[in-house]
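Please read them with the sequence and the coordinates open.

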Amino acid sequence: MSIQQQVIKALHVKPTIQAKEEIRQRVDFLKAYCRKTRTKGFVLGISGGQDSTLAGRLAQLAVEELRAEGYEATFYAVRLPYGTQQDEADAAEALAFIRADHSLVVNIQEPVLAFAEQVKESIGHVMSDFNKGNAKARMRMMVQYAIGGETSCLVIGTDHAAEAVTGFYTKFGDGGADIVPLAGLTKSQGRELLQELGAPERLYLKVPTADLLDDKPQQSDEAELGITYSDLDAYLTGQSIDAGTQASIEERYLRSEHKRQMPVAPYDEWWK
Ligand SMILES: Nc1ncnc2c1ncn2[C@@H]1O[C@H](COP(=O)(O)OP(=O)(O)OC[C@H]2O[C@@H]([n+]3cccc(C(=O)O)c3)[C@H](O)[C@@H]2O)[C@@H](O)[C@H]1O
Ligand SMILES: Nc1ncnc2c1ncn2[C@@H]1O[C@H](COP(=O)(O)OP(=O)(O)OP(=O)(O)O)[C@@H](O)[C@H]1O
Ligand SMILES: [Mg+2]
């Protein structure tokens, strides 16, 4: 089997999807896991980007159906800006589309700055903007788990195949979650689902950004990665792409295997 075929299999990517069917299955999955774990719903950070808009709407649909079936469940949407977020208007539009049971706001700037200051005092220099960016993602994870703990809700992660393939997320940051309803989807398949759900165009045509750096606010994922989502999606759906781009995706896939596994243990073989 080629590496491409192995990746497609490991990440459960389908070459084509039926949007309606995917929505139904993913909402059913959220409902079934919530019931099985006897938890009280879900919590998710809403950034104003495509992935959290989609996962948030699926979560809201799931809890509404659960309640209609007599199971008490709630969805908590959390805004987690670092100071003032440049695309705050998109986040507001995402919240209006999701219509979450509860919307909360926790600004992560103060705790991240306090944390960075303590690290500086300890190691003797200012941490890099890159590492501080990962600390922002991890602070968001901590807030979501705090809210999840207080409300007996599960933390949703927005990881999907076009991120998983390159490990383009912060380990134990946005990669830290209990349930990942978008798993297996490419970026454009996620867009199809949002379209089917009636989301405003602006939210699914928006340029994807991790928006983690002080020095480069709103930097596009594609600029940081040096690979386009269109190439990632083409690769994931089994198409043949430029050989250099394919090599770069596969190199990143192999290098980021540790992020798709549990912490490596003495009995593990996958890394050998
Ligand atoms: N082989 C290995 N086996 C086990 N562990 C290994 C390892 N190599 C590194 N590590 C560990 O992993 C750490 C590096 O991983 P990590 O901390 O995640 O950091 P890293 O992968 O270097 O950076 C995260 C990347 O994801 C991007 N990101 C983050 C968050 C959100 C989004 C978004 O799209 O919204 C994108 C971000 O822009 C950046 O490019 C190392 O410091 C080390 O602790
Ligand atoms: N400013 C923020 N406020 C709340 N949650 C955030 C914020 N930034 C990131 N997150 C959380 O981290 C997740 C990962 O970010 P990521 O950028 O991959 O997704 P997105 O912003 O939803 O979509 P896109 O990839 O299109 O930008 C988000 O889905 C969201 O749950
Ligand atoms: Mg984003």
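Q: In which strand is Leu-154 found?
A: The model is a predicted one. The strand in question covers residues 154–155. Leu-154 is therefore found in strand 4.

Q: Is Leu-154 buried or exposed?
A: A residue counts as buried if 20 or more other C-beta atoms lie within 10 Å of its own. Leu-154 has 22 such atoms within 10 Å, so Leu-154 is buried.

Q: Which residues is Leu-154 in contact with, leaving aside its neighbours within four places in sequence?
A: Contact here requires C-beta atoms within 7 Å. With neighbours within four places in sequence left aside, the contacts of Leu-154 are Cys-34, Thr-37, Thr-39, Phe-42, Gly-148, Asp-178 and Ile-179.

Q: What distance separates the C-alpha atoms of Leu-154 and Ala-94?
A: Along the chain, Leu-154 and Ala-94 are 60 residues apart.

Q: Is helix 3 largely enclosed or largely in the open?
A: Helix 3 runs over residues 50–68 and has 19 residues. Of these 19 residues, 15 are buried, so helix 3 is largely enclosed by the rest of the structure.

Q: What span should helix 5 have at 1.5 Å a residue?
A: The expected span is 1.5 Å times one less than the number of residues, and helix 5 has 15 residues.

Q: Which residue just after helix 5 takes a positive phi?
A: The phi in question is about 90°. The residue that takes it, just after helix 5, is Gly-124.

Q: How many other C-beta atoms lie within 10 Å of that of Gln-50?
A: Gln-50 is found in helix 3, and UniProt, in an unreviewed entry, lists Gln-50 under "binding site". Gln-50 is buried, and the number of other C-beta atoms within 10 Å is 26.

Q: Which elements give two or more residues to the shell around ligand 1?
A: Of the 14 residues around ligand 1, those that come nearest are Ala-137, Thr-170, Lys-171, Ala-210 and His-258. The elements that give two or more residues to this shell are helix 6 (129–151) and helix 10 (221–225).

Definitions and conventions. Residues are numbered from 1 along each chain as its sequence is written. Chains are lettered from A and ligands numbered from 1 in the order in which they are written. This is a predicted model: local features need pLDDT of at least 70, side-chain atom pairs count only at pLDDT 80 or more; totals for chains, interfaces and linings use all residues. A residue is near a molecule or strand if its C-beta atom, placed from the backbone, lies within 6 Å of it. Helices (H or I, at least four residues) and strands (E, at least two) are DSSP runs, numbered from the N terminus. A residue is buried if 20 or more other C-beta atoms lie within 10 Å of its own, exposed if 12 or fewer, and partly exposed in between; C-beta atoms are placed from the backbone. Two residues are in contact if their C-beta atoms, placed from the backbone, lie within 7 Å. UniProt positions are given in the numbering used here, feature names are shortened, and annotations may be inferred rather than shown by experiment.
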